[in-house]
Amino acid sequence: MPIQGKRERSGGKRRAVLLLSLILLVWNACATAAHLARIGSLLAFDGSGGSPAAQPASGDETAPRSAQIPRSGPLTIRQKYLLGKRVDINRASPSEISELPGISDTVAAAVVEERDRLGRFRSPADLLGVRGIKEKRLQKILPFLAEMPNN
């Protein structure tokens, strides 16, 4: 008989743990819904490509969309790279060149000087002639550079 009593007590503990877990799950769901209501926007899928976009909950198109625009300002070179855009080293300004990984303002100015002297870079190997760019640094920036036509 004592064995059955022990089983009944452990079954009661299991039920209590399951009930507590259910309460916590419901509480977290309610807290999440309240948070989304507080920021004034709900995530919805737009019809353009299945990507999530924030829609104002009130229907007011002038309401701020903090969930849609997490930061403002121009994109960094790394963000442009992730979007598939590359830097054309023959047309880029010194500030754009200095955003490349491992390139300082001084090296960017040297790249522009060398570009002006040569007319344009015909291949990535031409960048090795720039003071401050060696093979290792060139390999680091190559993924960020646009194709150079060989003529």
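1. Glu114 is buried in this predicted model, with a relative accessible area of 13%. Its salt-bridge partner is Arg117, and the two side chains meet at 2.7 Å, N to O. Arg117, by contrast, is exposed, at a relative accessible area of 60%. Both residues belong to helix α4, where they sit three residues apart, about one turn of the helix.

2. The count of salt bridges comes to two. Asp88 and Arg91 also pair through their side chains, with an N to O distance of 3.7 Å. Asp88 has 27% relative accessibility and so counts as partly exposed. Arg91 counts as exposed, at 73%.

3. The largest nonpolar core has 21 residues, and the members that touch the most others are Ile89, Ile97, Leu100, Ile103, Val111 and Leu127. Helices α4 (105-118) and α5 (135-141) each supply at least two residues of this core. The largest share, five residues, comes from α4.

4. Ile103 is one of those core members with the most contacts to other members. Setting aside neighbours within four places in sequence, Ile103 is in contact with Ile97, Ser98, Ala108, Ile133, Arg137 and Ile141.

5. A nonpolar patch lies on the surface, formed by Leu19, Leu22, Ile23, Leu25 and Val26. Together these residues have about 490 Å² of accessible area. Leu22, one of the patch residues, lies in helix α1, which covers residues 2-39. Leu22 counts as partly exposed because its relative accessibility is 48%, and exposed would require over 50%.

Definitions and conventions. Residues are numbered from 1 along each chain as its sequence is written. This is a predicted model: local features need pLDDT of at least 70, side-chain atom pairs count only at pLDDT 80 or more; totals for chains, interfaces and linings use all residues. Side-chain values use heavy atoms; hydrogens and water are left out. Patches are made of residues with over 30% relative accessible area and no salt bridge: like charges are joined within 9 Å, nonpolar side chains (Val, Leu, Ile, Met, Phe, Trp, Tyr) within 5 Å. Accessible areas come from the Shrake-Rupley method with a 1.4 Å probe; for residues, only the protein chains shown count as cover. A salt bridge is a side-chain nitrogen of Lys or Arg within 4 Å of a carboxyl oxygen of Asp or Glu. Helices (H or I, at least four residues) and strands (E, at least two) are DSSP runs, numbered from the N terminus. Buried means under 20% relative accessible area, exposed over 50%, partly exposed in between (1.4 Å probe, protein chains only). A nonpolar core is a set of buried Ala, Val, Leu, Ile, Met, Phe, Trp, Tyr and Cys residues joined through side-chain atoms within 4.5 Å. Contact means heavy atoms within 4.5 Å.
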